[in-house]
Amino acid sequence: MQKRMDRISIIAGYGILVIAVFLKLIGGKNQQFSLIGVWLDSLISGDFLGFWQTEFAAGIGVLVGTGIFLLLTVLYVFDAAFITFQRRIGWLQSFKTAWLYFTIFFYLIFIQFYSSSIWLGLILIVCAVEFLLNRYLEDKIERDRKYAKLQEKEKAYKADRQRRLAFPGNYPPEFHQIIRKNFRYYQKNYWLLIFANAVTFFALVILFFTYQKFSHTHTQDAIFDKTGLLRIFIESGGILLLLFLLFLSFMDGLYIDFKAKQMNLFIQLGIRKRTFLTMLLEEFSFCALTGVLLGGILSLLITKGSGFAWALLLYAGLVILAMAFHQEKIVRLLQFSPQASAKSDHPNQRLMPWFLLIGLIALAITFWWFDRRKSTETVLVIGPLIIALWGLFFGVGGLYVKHNRGKQALLLSRTDLFYRFHKSIKVLILAALLQVLAIGFFLPRLVTFQLTTAAELFPYELVAKVKRPEVQQVETVLDRAEASWGKYSFFPVTSVDGDSEWEVFGTVRPVMFIQGQHIGISESTYQKLRQAKHLDKRPLNLKKGQWHVVYQQALSIRGQPIDWDPQSIRPRLRVGTPLEQYNTANVDLIFPMRQIKSQERLILTGMFQRGLQENILVFSDEEFDTLVQEKQPNQLFLIDGNKKLANSLNFLQKKYEDDQRWDTTIKPMYERSQRRNNVVTENQLQVLLLIFTLVVCIFINAGILIAKFESEQRSLIAQRKLLDQLGMRQKEQRKVLKQQVNLFIRVPIIGGLLLSLGFIGIMGHLRFFSITDWQQFSRVFLLDYALYLVGWKLIAHFIYRRIKKWR
């Protein structure tokens, strides 16, 4: 077998050499090159970097890409040569395989290189075939040995099963009666699964109904420019889908464990494998269809059937994904293997410090990611947050068990941790995750919407951005209407486009719509705008080259970076309108990096793009005067008075229509009544979705805890009987029972609150909360959180009363 593997490696190595030397796979501007040939030509050209930049449109990208492929070729050729002379170098083969993985990753990720060198994929194909064949042959001997051993075990198992489970003929009537009584006796387990499916399907129908209602007036464009109601729906819907996937997975796992326990009884009764699997499929289908029916009936009261088909399709996908998490358990059921008896489950003492270290590192990454201005409070931090909770709970939980196992006072109340450690910790992790999502993400955002007043976001009836030729005409219209207005000089400011490719690639940087557009004013104008809103002066003391940013966004809007480019460390901003294209080599001149001295959140003219655009950039008076000497500034009109003025100024919309080719959401004129109505509509939808998401989190969390205790009913009843025999009084038993319930209620709530405080603090920092904002936020948050805790007090009381009846 080894000789065959060596032969494959030799053929692959020399074959790659032939491809690299003789096949011209790399397309340049003037000619085709082979992999070896292009490097030889570049080395003898006399201008190494100039050769790559002039010969290839992707420039340095092709240099890096071909270099990676050249090293891969050298590794394979050297390995083939050593094997030819009957020498095998272990580290060389390992490095060869690792470099193959890196090359494939590089080739698929960097599109610029891929588009110019697509045929180099032949080398990757040869390498991949060699790798797969050798891995197959390497494992074949061991697989054959294991297969022979498995065949012997399978033969013995079939003979034993034939002896034990042979049940010719029909089942007796008593057998069917036992199955029916068993189903009725354990009906609470089926109701839990029905409840999970009903809640999931109901929520999906509501989501699709909401989408269909608002997608008629808010098109797909609203997704890409990050505005409108459709964006709100998609963000909230994504979070809910993740929660429902976790919920269904947990409930399905409990159901499978429950059926695995039942299987031992049916095996003793002599049930056939096919009969048991049919019964399993019928029960699961019954629970799923009943849940769909109940959820569908409830949704009809709201949606009248709208979105039902799409919700059913997505629900089926979630059910399949949720079951996919339990492949091993399902395979054990399909093989009709009895479940092994449960053993005491203790934490691994040696791994506790490592768990704790991983949790702390993941938590630091979570907060760092959430705190980045470019991330804008991203919900993607749920990924590292789950890892952080996993590490912290296993680490801290293991240390707790280690130091408290000998305390007799905790023996009964902490049985779940001492003897069912891993199962209990998994429940605590999932419950804590839901608490963090509810308290750290959804409730704070709900509070900010409660504090948002749409009237305060638009202090002026009309705001118009007018170029120099139309200034006189606008002034005439305003004077004729006897309106109250102010005029301020400004320059349009544009942030660099959000193209995701490296700046060193190629010579022309394509424009990605949309580009950030903002208003640049002098420090003196900034003070006048503050005075117009009856605000105290705030000296900025800007020097030339220093800018101050005023984010014109509501308290409820997530913090947004002034620069759309996700790769920039410092913002690149140009004074002027957007560009169709520009030379990447001159990016530092066209979009120079700016020094942002200070930032704040404040409404001076109005919130027109939910904090994304139309923010205010303040220059020093010296810098602004220099710009005025170079070109004429535009004029910003802030108008109060006649509400019918918008019709008189509509000529600006047609006059500046060409300016909207970069972004249709940027307007030359904004009307307060229309913008306020839009914000009110968006805020109402956001509040409804946040309340709905909070309720779903509570339902899922409560369902998980109820299912956890319901699945352990037998052990809890046995524990109560043992305590009766030991002579423990009922009052003391109830105290122990309350402590068991409180463990799974209080620990997630306390842990979730502590972690949530970090997210809330970062959120306030990103939204530039003032001291007054923090005072208002804290007051409303504490009131809402108190109501939240009251709800959990009722849930805990319900769970306790339910368990107390079990005797």
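Biologist: Does His534 count as buried or exposed?
Modeller: His534 sits in the loop between helix H20 (523-532) and strand S7 (546-551). Helices (H or I, at least four residues) and strands (E, at least two) are DSSP runs, numbered from the N terminus. Under 20% relative accessible area is buried, over 50% exposed, in between partly exposed (1.4 Å probe, protein chains only). At 74%, His534 is therefore exposed.

Biologist: What are the ground rules here?
Modeller: This is a predicted model, where local features need pLDDT of at least 70, side-chain atom pairs count only at pLDDT 80 or more, and totals for chains, interfaces and linings use all residues. Residues are numbered from 1 along each chain as its sequence is written, and side-chain values use heavy atoms, with hydrogens and water left out.

Biologist: What is the phi of His534?
Modeller: His534 is not a glycine. Even so, its phi is positive, at about 60°.

Biologist: And what relative accessible area does Gln86 have?
Modeller: Gln86 also has a positive phi without being glycine, near 60°. It lies in the loop between helix H4 (60-84) and helix H5 (90-109). Gln86 is exposed because its relative accessible area is 76%.

Biologist: Now the whole chain. What share of the 807 residues counts as buried?
Modeller: The secondary structure comes to 28 helices and 13 strands. Of the 807 residues, the buried share is 50%.

Biologist: What percentage of the contacts with a separation of 6 or more joins residues 24 or more positions apart?
Modeller: A contact means heavy atoms within 4.5 Å. Among contacts with a separation of 6 or more, residues 24 or more positions apart account for 81%.

Biologist: How many aromatic pairs does a search of the whole structure find?
Modeller: Rings of Phe, Tyr and Trp (its six-membered ring) pair if their centres lie within 6.5 Å. The search of the whole structure finds 32.

Biologist: What is the geometry of the Phe201 and Tyr315 pair?
Modeller: Their ring centres are 5.8 Å apart, with 80° between the planes. Planes under 30 degrees apart count as stacked, over 60 as edge-to-face, the rest as tilted. So this pair is edge-to-face.

Biologist: How many residues apart are Phe201 and Tyr315?
Modeller: Phe201 is in helix H9 (residues 187-215) and Tyr315 in helix H13 (residues 308-324). Phe201 is buried at 0% relative accessible area, and Tyr315 is buried at 5%.

Biologist: How do H27 and H28 run, parallel or antiparallel?
Modeller: Helix H27 (residues 730-766) and helix H28 (residues 771-804) pack at about 160°, axes 11 Å apart. Axes are lines fitted to C-alpha atoms, for helices over the stretch in contact, and angles run from 0 to 180 degrees between N-to-C directions. Under 35 degrees is roughly parallel, over 145 roughly antiparallel, 65 to 115 roughly perpendicular, the rest oblique. H27 and H28 are therefore roughly antiparallel.

Biologist: Then how do H25 and H28 run, parallel or antiparallel?
Modeller: Helix H25 (residues 672-711) packs on H28 at about 20°, again with axes 11 Å apart. Among the residues that meet are Leu705 and Phe709 in H25, and Trp792 and Ile799 in H28. H25 and H28 are therefore roughly parallel.

Biologist: Which aromatic cluster holds Trp774?
Modeller: Trp774, Phe777, Phe781 and Tyr785 in H28 are among the residues that meet H27. The aromatic cluster is Phe769, Trp774, Phe777, Phe781, Tyr785 and Tyr788.

Biologist: Last one. Which residues does Asn634 touch, leaving out those up to four places away in sequence?
Modeller: Asn634 is found in strand S12 (residues 634-640). It counts as buried because its relative accessibility is 17%. Its partners are Val466, Lys467, Arg468, Tyr488, Ser489, Phe490 and Pro492.
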